[in-house]
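This report goes through one structure step by step.

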Amino acid sequence: MNGYNGRGVHGHTVTELGMWIVSGALPQGQPIDLQALGEDLDLSMTALREALKVLAAKGLLEARQRRGTLVLPRERWNLLDADVIRWRNEAGETLEVLRDLAEVRAAIEPEAASLAALRRTEAELTELDAALDAMREAVGREAPEAVAADLRFHRTLLRATHNEMFARMDVFIEPALRLRDGLVHQHGRHEDPVPSHARVVDAVRAGDAEAAANAARALLAKATEDAERLLEASGEKRVVDRG
């Protein structure tokens, strides 16, 4: 699921309000004084309402008759939305976001690798090899290049399941990769990710479903361990109250 692509004042307003909601600056369950908010942001009511529509589509807000516009409870938020994930990260929930995404990926990607080993085509193997080459070239480079190569690999693996629902599971994977790889580059750790990914490809090429699943589990476990170690070493750990 891609993030919101709005630019300029509109995009900035969506981002600022989204951050206020996720961080608790605009409390859950409370009506929003639109007039005061528009004045604070120096926005017309038309521009403000357009931004609120975007946030409502993400499950953060709801307009109700006689009660106005309310910030919805956290359980109503679309927590799979790329922007909501990014805002949670920027609000200080990085460790929890990474753990949530890692647990979801652990439930999905090993099975996807197993199915890919049984169903992959030669064209998909070629694309997996090309993704590995791109990952090799991205080692030590800037985070966007590493993320793009990593994402190419995982999307190809999901498509190789020939299951349309699995193929859409990149909604979990893209934000997880962007957070994890960005964190690694931020702290100057550029370990070569190719060997762990290559073991998945080798098992998929061999048609060994069990080995492919095990290789995917090992890859995910290492990625999660590295990210958590970096976060804890940097003092960014935070426990979030979901009550």
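## A residue in helix H2

Leu37 lies in helix H2 (residues 34-41); helices (H or I, at least four residues) and strands (E, at least two) are DSSP runs, numbered from the N terminus. This is a predicted model, in which local features need pLDDT of at least 70 and side-chain atom pairs count only at pLDDT 80 or more, while totals for chains, interfaces and linings use all residues. Residues are numbered from 1 along each chain as its sequence is written, and side-chain values use heavy atoms, with hydrogens and water left out.

With a relative accessible area of 5%, Leu37 is buried. Buried means under 20% relative accessible area, exposed over 50%, and partly exposed in between (1.4 Å probe, protein chains only). Not counting residues up to four places away in sequence, Leu37 touches Leu17, Trp20, Ile32 and Leu48; contact means heavy atoms within 4.5 Å. Leu37 and Leu48 are 11 residues apart along the chain, and their C-alpha atoms are separated by 8.4 Å.

## Charged pairs

Side chains of opposite charge can pair when their charged atoms come close. The structure holds 18 salt bridges, each a side-chain nitrogen of Lys or Arg within 4 Å of a carboxyl oxygen of Asp or Glu. Three of them are listed here.

| Salt bridge | Distance, N to O |
|---|---|
| Lys58 and Asp81 | 3.0 Å |
| Arg64 and Glu62 | 2.6 Å |
| Glu174 and Arg155 | 2.9 Å |

The side chains of Lys58 and Asp81 meet in a salt bridge. Lys58 lies in the loop between helix H3 (45-57) and strand E1 (61-64), and Asp81 in the loop between strand E2 (68-71) and helix H4 (82-119), so the pair ties together parts that are 23 residues apart in sequence. Both Lys58 and Asp81 are buried. A network of salt bridges links Lys58, Asp81, Asp83, Arg86 and Glu90.

In the pair of Arg64 and Glu62, Arg64 is partly exposed at 30% relative accessibility, and Glu62 is partly exposed at 26%.

Glu174 and Arg155 also form a salt bridge. This pair links distant parts of the chain, with Glu174 in helix H8 and Arg155 in helix H6 (residues 143-159), 19 residues apart. Glu174 counts as buried at 10% relative accessibility, whereas Arg155 counts as partly exposed at 28%.

## Confidence

The predictor's confidence in each residue is pLDDT, from 0 to 100. The chain has a mean pLDDT of 87, and 89% of its residues reach 70 or more. Among its elements, helix H9 (residues 194-206) has the highest mean pLDDT (97) and helix H8 (residues 170-186) the lowest (77). Over residues 238-243, pLDDT stays under 50, and the model has 10 contacts beyond four places in sequence for these residues.
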